[in-house]
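Subject: Structure handover and what was found in it

Dear colleague,

Here is the structure that I promised to pass on to you.

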Amino acid sequence: MITRIPPIAMLQPIRIMFPTFPINNKVITYFTGYLSITEVDETIIYITEYSTSPDLIKHQSNDNTICGYCSTNLHRKHKISSRTKNYLVIEQGQSLQINKLLLSDRKIEATDNCIIMLYDYERMKHSEAMSDTADYFFNLKTLLQDEPCALKTDFEPILMHTSKLSSSMFAQHLLNYFNILVWLVQSVKGNKKISIRTGNLILAILTDIMLGYLALKLLTSDKKELGAFLMGMLEKLVNLLHTLLKWLMGAPAGLKLNNAFNKMLGQYFSYHIQLWWLFLEVSGEKLDTILNVYHYLGYLGFTFQAAIISDMICIATFHSYCIYVYAARLFNMQVSGLIALLRLFVGRKYNPLRGGIDSCEYTNQELFVGTVAFTILLLLLPTTTMYYIVFTLETF
C-alpha cells in the first residue's frame with residue numbers, strides 16, 4: 001500500500017490522520033507514521049504510533065515514513081535526525097495546529113490546505129471493519145493492525161483437493177464445507193469471541209440451511225411425480241440427441257459430407273446413446289432411492305442441493321460428453337496425421353530423439369502410400385470437423 005513518494009507540490013491537498021491522546025502540558029508526545037499518495041495526487045499522512053519517549057523517532061530515515069512530536073510548549077528545540085526527510089510538528093492547545101511540516105526535504109509553507117482528521121487509536125486498532133475499496137480509514141486500520149491489504153490468515157486446510165475429486169461437485173463442496181467449519185471453530189476459539197467475519201459466515205450457513213429446507217418442501221412434496229418428471233426430461237434429452245444425429249447423417253447445413261464415413265459415425269454414436277438410455281432406464285427403478293438420498297443430504301443446505309443436482313446433470317449427459325471426447329480425439333488424430341504427411345512432400349520428418357525436424361529422402365513407394373493416406377484423411381476431415389464442432393458447442 002505504501003509506495004515511494006514523489007516530490008510534493010506546494011498546493012497539493014494534505015490529509016493528516018492523527019490519533020487522539022490525553023493533553024499533558026509537561027510531557028511531549030512523539031509519533032511516527034507513513035506517507036501515501038492517492039490516485040488524485042492527494043498526500044495522506046498516517047500517524048500510527050506515539051510515545052512519550054524520544055527513542056521512537058530515532059532512525060526514521062525512510063522516504064515513506066514521517067516522524068515528529070506534539071506539545072503545548074514549542075519553545076524548546078528537540079533534536080531530530082539529520083537524515084529525516086519527512087517531519088511534522090504539531091502544537092497542541094484547544095485545537096491542533098501545524099507548526100512545521102517538512103516533506104521530501106521541502107518545507108511546506110502553505111498549511112491552509114492541510115486537514116487534520118482525528119481518530120480513536122484503540123478503537124481503530126481493534127476494528128473489524130471491512131471494505132472493498134481502499135479508503136483512508138481502511139488503510140489506516142491496515143497499518144495499525146500491521147497486516148497486508150489482502151485478507152491475512154494462518155489457516156491451513158486440513159483436507160486438500162485431489163484430482164480424483166475434481167469430477168464431483170458434491171465431493172468438492174463437502175471438502176470445502178468441512179474446511180470452513182474447522183476455520184470457524186478455530187477462529188472463535190482463538191479470538192474468544194465471534195468477530196464480524198465469523199458472524200457473517202455463521203449467518204450465511206444458517207441462511208443456506210433455511211433455503212435448503214424451503215427448497216426440499218417445494219421439490220419433494222410428491223416424489224413419484226418428481227421422478228416421472230425427471231425421467232420425462234431425460235427421455236426428451238435422448239430424443240433430441242437422436243434427432244441431432246439424424247440431421248448430421250444427412251446433409252447438415254447443405255454440406256456434402258462423406259456418406260459412408262458419416263453413416264458409420266452416426267450409427268456408432270446412436271448405438272452409444274441407446275446403451276446409455278438403457279442404463280438410465282435400469283437406474284430409473286432406483287430413482288426413489290436417489291431422491292431419498294437427495295432429500296436427506298439436502299437438509300445440509302441449499303448449496304449441497306445445487307452440488308448434487310450438478311453431479312446428477314453430469315451423469316445424465318455423460319453420453320453427450322463421451323461423443324464429444326470421441327469426436328475431439330478423432331479430429332486431433334486426423335489433423336496430426338495431415339501435418340505429419342505434409343512434411344513428406346517437402347522431404348522432412350519428425351525426429352523424436354532430437355525433438356526436431358530432420359531432412360529425409362523417401363522412396364517412390366513411400367511417397368505413393370503417403371499421398372494416398374493424405375488424400376483419405378483430407379477428404380474425411382470435413383465430416384469429422386462437423387461432428388467435432390456440433391458436439392463441442394453442445395457440451396460447452
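This is a predicted model: local features need pLDDT of at least 70, side-chain atom pairs count only at pLDDT 80 or more; totals for chains, interfaces and linings use all residues.

Residues are numbered from 1 along each chain as its sequence is written, and side-chain values use heavy atoms, with hydrogens and water left out.

The protein chain has 10 helices and 10 strands (DSSP runs, H or I of at least four residues for helices and E of at least two for strands, numbered from the N terminus). Of its 396 residues, 35% are buried, where buried means under 20% relative accessible area, exposed over 50%, and partly exposed in between, with a 1.4 Å probe and protein chains only.

On the surface, Leu 211, Tyr 213, Leu 214, Tyr 296, Tyr 299 and Phe 302 form a nonpolar patch (residues with over 30% relative accessible area and no salt bridge, with nonpolar side chains, namely Val, Leu, Ile, Met, Phe, Trp and Tyr, joined within 5 Å, and like charges within 9 Å). Helix α4 (residues 196–219) gives the largest share of this patch, 3 residues. Phe 302 belongs to helix α8 (residues 302–316), and its relative accessible area of 41% makes it partly exposed.

The helices α4 and α8 pack at an angle of about 55°, with their axes 6 Å apart (axes are lines fitted to C-alpha atoms, for helices over the stretch in contact, and angles run from 0 to 180 degrees between N-to-C directions). That makes α4 oblique to α8, since angles under 35 degrees count as roughly parallel, over 145 as roughly antiparallel, 65 to 115 as roughly perpendicular and the rest as oblique.

A search of the whole structure finds 1 salt bridge (a side-chain nitrogen of Lys or Arg within 4 Å of a carboxyl oxygen of Asp or Glu), and it joins the side chains of Glu 42 and Arg 15 at 2.5 Å, N to O. Glu 42 sits in the loop between β2 (29–37) and β3 (43–51), whereas Arg 15 is in strand β1 (residues 14–19), 27 residues apart. Glu 42 counts as buried, at 8% relative accessibility.

With best wishes

Terms used: Accessible areas come from the Shrake-Rupley method with a 1.4 Å probe; for residues, only the protein chains shown count as cover.
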